[in-house]
Amino acid sequence: MNYAETLGVKARNAQTAINSADTALKNKALNAVAESLLSNTEYIIQQNLTDLENAKTNGMSVSMQDRLKLTPERIKGIADGVLKIAELTDPVGQIIEGYTRPNGLQIIKTRVPLGVIGIIFESRPNVTVDASALCLKSGNAVILRGGKEAINSNKCLCGIMRDAVEKAGLPADIIQLVEDTSRETASDMMKLNGYIDVLIPRGGAGLINAVMKQATVPVIQTGVGNCHVYVDESADIEMAVDIADNAKTQRPSVCNAIESLLVHKNIANEFLKKISERYKKHSVEIYGDSATKSILGDDILNATETEYATEFNDYKIAVKVVENIDEAIAHIRKYGTGHSECIVTKSLDNARKFQTQVDASAVYVNASTRFTDGGEFGLGAEIGISTQKLHARGPMGLAELTTIKYLVNGNGQIR
């Protein structure tokens, strides 16, 4: 039995307790987790600093270091997120529908936990807590495998949560961390059929593609975010500048930040000059087509197929001037990843056309793509943002971590 299998056995043994736990017990555990996170803030930051020092030594980009960094404010935000999850309606046991068949069979369709959820993610230690809290509230055991760049933070956070849930009356093994960050162990985890019911990768395209190719357990694809803002001919210029700025620079390392900016040719001159001034404040590198360069000058880098297809996760953006909304939609169809797309426009017809024809989990009119987030959507937090179409799409909250069970009651019917 390999290391990953030992975790799988522990998760299965703990699964019954969390699958059958009532709402009061789960909320008690969540409140205990939030309290423990806050009371251990200094210790968490100490462990996180070790990861940050290693990240700097290893040449991690500044934007990725920001994803890794924990501060007292961020820890409080994480704890507050756990408390919000405790306040949410428990989906387990909800009756979706019920009916009686002509033969008298009573059929009730209910929500039940998925079972054991595996999560493979990169350098965001907040995911360790968000994912655990969502799995706990939805009645699932969880096995977490974070990246080696956050191992000290993740070990610290998992230890705190395991102690808290055990004191609340649940098995510590409903939350487990893969402490061996080797590729071999990750590969073993992807093949834990019979132990893991569903695997959710969170991270860049490389991680997600690797999991999709190697996993033999069911996978929910998440998170690759080559997102766009299209500034339509009728757009309010100041609104467009604010949205394009926020969607790129507010936190460029996350999957709902935009990577490309499409601009209608009739307003390109005015808009591009204004957004370039805004981007200069954040030292954003702009890659542009020939039309963009003719407006902004030769300092603009050449945008090729590579730039339009890249999720930068950094202070970089690819820009293209388009003839009309149809060219913008065609561009998004070619390069988009089905995550989040936005149009800035005053035209109701174009807004409807964009939302109808753009195929993504979230399609915005006159608002930043940065809102594609479980907390912002009122889900408390999210386990990830699904870019596929089966079972779950968009931010995945509690309901998306459940499945269906039919309860069938009869009085002797036979077929």
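This is a predicted model: local features need pLDDT of at least 70, side-chain atom pairs count only at pLDDT 80 or more; totals for chains, interfaces and linings use all residues.

Residues are numbered from 1 along each chain as its sequence is written, and side-chain values use heavy atoms, with hydrogens and water left out.

**Stop 1: salt bridges**

How many salt bridges does a search of the whole structure find? The search finds 19. A salt bridge here is a side-chain nitrogen of Lys or Arg within 4 Å of a carboxyl oxygen of Asp or Glu.

Select aspartate 66 and arginine 74. Their side chains meet in a salt bridge, 2.7 Å from N to O. Aspartate 66 is partly exposed, at 26% relative accessible area. Arginine 74 is partly exposed too, at 27%. (Buried means under 20% relative accessible area, exposed over 50%, partly exposed in between, with a 1.4 Å probe and protein chains only.)

Next, select arginine 278 and aspartate 245. This salt bridge spans 3.0 Å, N to O. The pair links distant parts of the chain, 33 residues apart: arginine 278 sits in helix α11 (residues 268–280), aspartate 245 in helix α10 (residues 237–249). Helices (H or I, at least four residues) and strands (E, at least two) are DSSP runs, numbered from the N terminus. Aspartate 245 is buried, with a relative accessible area of 9%.

Move to lysine 334 and glutamate 305. Their closest N and O atoms are 3.3 Å apart, in a salt bridge. Lysine 334 belongs to helix α14 (residues 325–335) and glutamate 305 to helix α13 (residues 305–308), so the bridge ties together parts 29 residues apart in sequence. Lysine 334 is exposed, at 54%. Glutamate 305 is partly exposed, at 48%.

**Stop 2: glycine 77**

Select glycine 77, in helix α5 (residues 72–87). Glycine 77 is partly exposed, with a relative accessible area of 40%.

**Stop 3: serine 253**

Is serine 253 buried or exposed? Serine 253 is buried, at 1% relative accessible area. It lies in the loop between α10 and β8 (258–264). Show its contacts (heavy atoms within 4.5 Å). Not counting residues up to four places away in sequence, serine 253 touches Ser63, Met64, Asp66, Arg67 and Asn313.
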